[in-house]
Amino acid sequence: MADKNTADIGFEKEIWDAACVLRGNMDASEYKSVILGLIFLKYISDSFELKYQELIKEGEGFEEDRDEYEADNIFFVPAGARWKDIASVAHEPIIGKTIDEAMAAIERENKKLKGILPKNFARAELDQRRLGDVVDLFTNVKMADGADEKDLLGRTYEYCLRNFAEQEGKNAGQFYTPSCVVRTIVEILQPFNGRVYDPCCGAGGMFVQSAAFVKNHRGNINNISVYGQESNPTTWKMAKMNLAIRGIDCNLGEIPDDTFLSDQHPRMKADFVMANPPFNLTPWGADKLKEDQRWQYGTPPASNANFAWMQHMIWHLAPEGKIGMVLANGSLSTQSGGEGDIRKNIIEADLVDCIISLPTQLFYTTQIPVCLWFLNKKKARPGKTLFIDARNLGTMVTRRLRELTDTEDGDIQKMAETYKAYVAGTLENVKGFCAVVSTEDIAKKDYILTPGRYVGIEEQADDGEPFEEKMTRLTSELTVLFDRSIELQNEIRKQLGALGYDI
């Protein structure tokens, strides 16, 4: 498998660099919809044009028939809104107005896109000359469904999301989960078919990686159904576009809305639930949901929504469903607000399949240590839980950011293979890394799920030096260092005394 972490593949970086020039003084959060919307517009225009030319060659006169495009899951782009129309006025003052009108026209022709596309390209703070330059850049790249063009568009969208997340910092948490974290969840859950649900879906990264997993394993993407919900209107729109450019049909609810207070899929039962809910969210509407049917394992405290999210997901699980979710490490051990009792009840219900402690610095948005919870309604190993301490995995790709490697023998594969071996019953405990533990032993530790408590400390290799000889050598070296320390202290006193300062 090729390394898929941070390769700045030509066009992605070129688009991003152009975006930075075009942005000017606009905030990243404001400008995000501009560049991502432009990527989306170019892609659907190219997909339309490819089908348009096929229909012309057929000679039946159906090239302007919307049904011909809908039958192939292609968005219909009306005359005047096609990329050639936009490219023709790239360097005229009306370029922004033309793009806005194209977006509106496309929405009118495609019900799935109603209210989704950005229409803010004509605003005064957006440099129209630079906008024209970016249009030229897009014009020179094909983004239709041939060869790797869809892949290119998807990578470009992901690349820009990642860079926007880095620029927005803390505020990016609502729309972006690092792709290496998402891929870890997907590789362990392996969502080949069934309903996939994310109750706080952000820009749709969990769904994108699920579809990629199916594709990489030669499965059929049509075998998974995507359900999600997102409360932030801008992020909800980004998710719809992100999925549309990859041909992923989805149900993200009729509107962006609060998952706890207005569940858009109240009766849906999912085969796979994957989520990165907001860490330690408060307030979250606890006062309005005290007797909610979802709280099967205990009423979550108003001060923290972690176990509200978890129980919401459990409520939406099918009889053999699985959950993979990101939570702050505090969820593994907290006793406040009744959370310890809720965790105990979930453990005693034999739902906790695997817990992974992740390394630090994986997120742009927080330095809080995080973990992965995997719950399973039909565990392959009843009464057992796998603990993985992955805090020593990952590679620093910048001074502030770490990534889990995704190569044939990378970090993600190491965790996924460990889980597979656990399921198969062939896993041997590795001190400092993994351990299979019974529910009885977890109970003896007060139902605390911190992996370090169970995997122990990695054994150090024997260097072959006898203990007595080693201690003699080390104490001798320490004596020399102590003597040197005294010399340095005396020299410092001497120099300070010369300046009139005695210590």
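In these legends, buried means under 20% relative accessible area, exposed means over 50%, and partly exposed is anything in between, using a 1.4 Å probe and protein chains only. This is a predicted model: local features need pLDDT of at least 70, side-chain atom pairs count only at pLDDT 80 or more, and totals for chains, interfaces and linings use all residues. Residues are numbered from 1 along each chain as its sequence is written, and side-chain values use heavy atoms, with hydrogens and water left out.

**View 1. K51 and D72 meet in a salt bridge.** A salt bridge here is a side-chain nitrogen of Lys or Arg within 4 Å of a carboxyl oxygen of Asp or Glu. For K51 and D72, the closest N and O atoms are 2.7 Å apart. K51 belongs to helix α2, while D72 sits in the loop between α3 (66-70) and α4 (83-87), so the pair links parts of the chain 21 residues apart. Helices (H or I, at least four residues) and strands (E, at least two) are DSSP runs, numbered from the N terminus. D72 is partly exposed, at 43% relative accessible area, whereas K51 is buried, at 10%. A search of the whole structure turns up 20 salt bridges.

**View 2. Two other salt bridges involve R82 with E64 and D249 with K112.** R82 and E64 come together at 2.8 Å, N to O. R82 counts as buried at 6% relative accessibility, but E64 is partly exposed at 41%. For D249 and K112, the closest N and O atoms are 3.6 Å apart. D249 is in the loop between α10 (233-244) and β3, and K112 is in the loop between α5 (95-109) and α6 (128-139), so this pair ties together parts 137 residues apart in sequence. Both D249 and K112 are exposed.

**View 3. The largest nonpolar core has 101 residues.** A nonpolar core is a set of buried Ala, Val, Leu, Ile, Met, Phe, Trp, Tyr and Cys residues joined through side-chain atoms within 4.5 Å. L36, F40, I99, I356 and I388 have the most contacts inside this core. Helix α2 (residues 28-58) gives the largest share, 13 residues. Take L36: leaving aside neighbours within four places in sequence, L36 is in contact (heavy atoms within 4.5 Å) with Y157, C160, L161, F164 and M238. There's also a second, separate core of 42 residues, including Y197, A286, I347 and L375.

**View 4. Helix α8 (residues 179-189) is tucked away.** Here 11 of the 11 residues are buried, so the helix is largely enclosed by the rest of the structure. Among the buried residues are R183 and E187. Just after α8, Q190 takes a positive phi of about 50 degrees.

**View 5. Nine strands line up in an open sheet.** The order is β3-β2-β1-β4-β5-β7-β6-β8-β11, with mixed pairing. Two strands pair if DSSP finds at least two bridges between them. β3 (250-251) and β11 (434-438) stand at the edges with a single partner strand each, so one side of each is left without a neighbour in the sheet. Strand β5 (residues 317-328) and strand β7 (residues 370-376) pair in the antiparallel sense over 7 bridges, and K322 stands opposite N376 in β7.
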